[in-house]
Amino acid sequence: MNIILLGPPGAGKGTQAKRLEDKHGLVQLSTGDMLRAERASGSELGRKVQAVMDAGQLVSDDLIIDLIAHRLDGLRAKGFILDGFPRTVPQAEALDRLLHDKGLKLDRVIEMAVDEGALIDRIAGRFSCAKCGASYHDRNHRPKAEGVCDVCGSKDFVRRADDKPETVKARLEAYRAQTAPILPYYRKMAVLRSVDGMADIDEVGRQIEAVLKGG
Ligand SMILES: [Zn+2]
């Protein structure tokens with residue numbers, strides 16, 4: 001089973017990918033991880049990637065396709081979950097050619113659809129204890145005594161810069177701009193399915209399972 005998982009940062013894609021790995025013996029191919037691993041391996045391809053990145057250039061589509069091809073060859077799994085690629089129609093086409101060459105097929109493209117306003121709310125409300133790391137949320141999980149950590153009694157709290165509403169909003173916009181062109185591409189191929197990315201983790205998992213069973 002070969003899947004592409006699409007979803008904005010914060011939609012819980014990593015969690016769902018992990019579940020699919022555990023349950024179905026799939027392996028997650030994340031472009032970021034693949035680039036890091038290939039560089040670290042010191043392979044010829046890894047050195048090419050390193051040179052491009054050292055020069056401050058973007059890794060080309062061809063290089064990423066080579067990277068995926070390389071990973072697919074060494075893959076001892078029942079399938080893959082591709083994450084972070086493709087992001088453009090030419091990339092999607094290049095991926096189709098690669099899979100065809102390898103005698104593989106793309107079974108499903110699963111979009112974790114989100115309500116952007118609600119997602120911003122969910123992410124932007126997060127904060128945690130600076131001392132013990134216990135996590136809280138402005139709206140639905142405040143400390144029992146205002147300003148005092150339930151777990152360790154500390155009065156210091158931190159918010160990640162990444163969780164600021166403006167930052168989250170910018171990430172969502174970038175994601176939308178990137179994926180907008182490929183959704184119609186995969187819709188036309190009849191492999192695109194959408195699940196409710198705002199539902200709780202188990203429910204999203206159930207919806208993904210239903211899709212994989214042929215929904
Ligand atoms: Zn604490």
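Predicted model: local features only at pLDDT ≥ 70, side-chain atom pairs only at ≥ 80, totals over all residues.
Residues are numbered from 1 along each chain as its sequence is written, and side-chain values use heavy atoms, with hydrogens and water left out.

View 1. The zinc ion has as its protein donors the SG atoms of C129, C132, C149 and C152, which lie 2.3 Å from it; donors are N, O and S atoms within 2.8 Å of the metal (3.2 Å for Na, K and Ca), and since water is not among the atoms, sites may look incomplete. The angles among the four donor atoms run from 102 to 114 degrees, and the site is tetrahedral, a term used for four donors if all angles lie between 85 and 135 degrees. Along the sequence, the donor residues follow the spacing C-x2-C-x16-C-x2-C. C129 is buried at a relative accessible area of 2%, whereas C132 is partly exposed at 37% (buried means under 20% relative accessible area, exposed over 50%, and partly exposed in between, with a 1.4 Å probe and protein chains only).

**View 2. The open sheet of three strands.** The strands are arranged in the order β6-β5-β7 with antiparallel pairing; strands are DSSP runs (E, at least two residues) numbered from the N terminus, and two of them pair if DSSP finds at least two bridges between them. Because β6 (135-137) and β7 each have a single partner strand, they stand at the edges, and one side of each is left without a neighbour in the sheet. β5 and β6 are joined by three bridges, and R126 stands opposite H137 in β6.

**View 3. The aromatic cluster of F127, Y136 and F157.** Rings of Phe, Tyr and Trp (its six-membered ring) pair if their centres lie within 6.5 Å, and planes under 30 degrees apart count as stacked, over 60 as edge-to-face and the rest as tilted; by this rule there are four aromatic pairs. One of them is the stacked pair of F127 and Y136, at 5.7 Å centre to centre and 25 degrees between the planes. F127 also forms an edge-to-face pair with F157, at 5.6 Å and 80 degrees, and this pair links distant parts of the chain, with F127 in strand β5 (residues 126-129) and F157 in strand β7 (residues 157-158), 30 residues apart. F127 is buried at 9% relative accessibility and Y136 is buried at 4%, whereas F157 is partly exposed at 26%.

Note on methods
Helix = DSSP H or I, 4+ residues; strand = E, 2+ residues; numbered from the N terminus. Tetrahedral: all angles 85-135°; square planar, octahedral: opposite > 155°, others 65-115°.
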